[in-house]
Amino acid sequence: MSNQHNAIARRIDTLRLKWQEKTAEHPDWRVARWLMEPGDAELYTGMLKLESSAHGSLPEIFVTMFTSFDDLDTFSRQLAGDWLETYKKEKEIQPTLDWEIGSLEGKLRLPEEEYPGDELLLEILHSFSLYFRKDAPIVLSLVPRYVTDFKSYNDWVIRLYEKGLPDGINLMLLDHTSARYLERAINETFPESFTLEPGDMDLKGAVEELATQGNPNDPQVQFRQCLFRMSKAVTGNRQDDVHHWGEKMLQVTQRTGNKNFFASAHLIYAGFLMHFKNEKKTTGLLDQGIRIVKPLAKDNPEATATLIQFYAYHGAYASMRKEYKDAVKWFRLQAQTAKEAGIPQVAIGAYKMAIYTAERKDNLSEEYRQTVNEGYQTGLALDDDALKVTEYAYIAHHYLACYGEEEPSRSNTLVERMKKLHGEEWREQITTILEQIKKKKEMPLPNATH
């Protein structure tokens, strides 16, 4: 990553330098905040991933957690649970790790009133620091997948700071440049806090520079050039340019003879056109792409994945046009195709979208019930570890609403399984998330976990 010709590496090195300068200016810091442009969030998490690898150059040990912030009084316990779960997965990769967490797991299972989440989290941080620090400070970086209430998130940061972060462990936060959601937390932890403002890092420009390097006659290079030109055309609201580069992309990919590549170009072109009112061309591209890739999908996993994406795009576009019955049809087809392909996790996500869409319209009550049941059945085939990382809890919530009284035995079994996977208050958390979706609240920066 030190290659000076690598546009991404140069920007990450800039972030590293700014970090070194600021920490040198504030040797007694406890809370740090990065103010980033939304489009640059992946540079930040990229730096953290790099620093967590053998290629890291900073003196600190960075631990990044993506736990969602739902509620002031539950976040610490959720974060503690995710921390211990992350360690157990790491131990499977590195069996020599011997941090003893048995007693901590026992305390995690205690109710909040018996052992508050803040105290548990601080104990975990202290124990972790004693085992892992080895003369290097540990930085806990929080990048929540979403935040339902920024006032409460500020309160949580301030409360944890006032209770006393363990020696050797500091807190690092990610914030939005223009919104400055965490201003109060930084002000109330001053002078032991500071803010870094790297400015616009132009991640899109760096990605384009990196992606379009190479032989200009290479179809892959030409494809990426078309992709970036189309992206700029959408940003500038230039539909004619989208068509120009979209048609060129179709020509480039067709010449390769790779039908899946050619079909994918239809998908991308249609995706950009969704930003404009051009229903006939957009749906035509989606339908043509399906006709190209569907015959390949039977024996080609890559083509199957492309076909599943086509169904998802069709569903999303129908929903944008408020054609909800059509949208539900496409999402269910996406789910069924994913199940047949042996990827039920993807099917669960598709069923979730179908349920969310059907629930909003009274004339889709039968489709809603059918979809809820199909989604419920899909989850039964997954083991707990696989199910926990899906959106099955959303489907379970709706299953209980639809079938709770009709199927008491199944419902009780489902409730117990959800409690095991997500805790006693799993359904309350789902309800909170649904309420926040309706209010259209958003997280401070796009998550970059993948």
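In which handedness of crossing does α14 pass α16? The crossing is left-handed, a term used when the near helix is turned anticlockwise from the far one by less than a right angle (clockwise makes a crossing right-handed).

Before we look further, please keep in mind that this is a predicted model, in which local features need pLDDT of at least 70, side-chain atom pairs count only at pLDDT 80 or more, and totals for chains, interfaces and linings use all residues. Residues are numbered from 1 along each chain as its sequence is written, and side-chain values use heavy atoms, with hydrogens and water left out.

## Helices that pack

Helices here are DSSP runs of H or I with at least four residues, strands are runs of E with at least two, and both are numbered from the N terminus. The axes of α14 and α16 are 12 Å apart and meet at an angle of about 20°. That makes α14 roughly parallel to α16. The axes are lines fitted to C-alpha atoms, for helices over the stretch in contact, and the angles run from 0 to 180 degrees between N-to-C directions. Angles under 35 degrees count as roughly parallel, over 145 as roughly antiparallel, 65 to 115 as roughly perpendicular, and the rest as oblique.

Now find helix α15 (residues 344-359) and helix α18 (residues 392-403), whose axes come within 9 Å and cross at roughly 45°. This angle makes α15 oblique to α18. The crossing of α15 and α18 is left-handed.

## Salt bridges

Side chains of opposite charge can pair when their charged atoms come close. A salt bridge is counted when a side-chain nitrogen of Lys or Arg lies within 4 Å of a carboxyl oxygen of Asp or Glu. The whole structure holds 26 salt bridges, including those in this table.

| Salt bridge | N to O distance |
|---|---|
| Glu85 and Lys88 | 3.6 Å |
| Glu374 and Arg332 | 2.6 Å |
| Asp384 and Lys420 | 2.9 Å |

Is Arg332 buried or exposed? With 13% relative accessibility, Arg332 counts as buried, while Glu374, at 21%, counts as partly exposed. Buried means under 20% relative accessible area, exposed means over 50%, and partly exposed is in between (1.4 Å probe, protein chains only).

Glu85 and Lys88 are 3 residues apart in helix α3, a separation of about one helical turn. Glu85 is partly exposed, with a relative accessible area of 25%, and Lys88 is partly exposed too, at 32%.

Lys420 is exposed, with a relative accessible area of 63%. Elsewhere, salt bridges link Arg33, Asp175, Arg180, Glu183 and Glu197 in a network.

## Aromatic rings

Rings of Phe, Tyr and Trp (its six-membered ring) pair if their centres lie within 6.5 Å; planes under 30 degrees apart count as stacked, over 60 as edge-to-face and the rest as tilted. How many aromatic pairs does this rule give? The count is 15. In one of them, the ring centres of Trp19 and Phe194 are 6.1 Å apart and the planes are at 50°, so this pair is tilted. Trp19 sits in helix α1 (residues 7-25) and Phe194 in strand β5 (residues 193-196), 175 residues apart, so the pair links distant parts of the chain. Trp19 and Phe194 are both buried. A cluster of ring pairs links Trp19, Trp29, Trp34, Phe62 and Phe194.

Phe75 and Tyr153 form an edge-to-face pair, with 6.2 Å from centre to centre and 85° between the planes. Phe75 lies in helix α3 (residues 75-93) and Tyr153 in helix α6 (residues 150-163), so the pair ties together parts that are 78 residues apart in sequence. Phe75 and Tyr153 are buried.

Some rings also have a charge over them, which requires NZ of Lys or CZ of Arg to be within 6 Å of the ring centre and within 35 degrees of the ring normal. The charged end of Arg229 sits over the ring of Trp245, 5.9 Å from its centre. Likewise, Lys352 lies over the face of Tyr394, at 5.5 Å from the ring centre.
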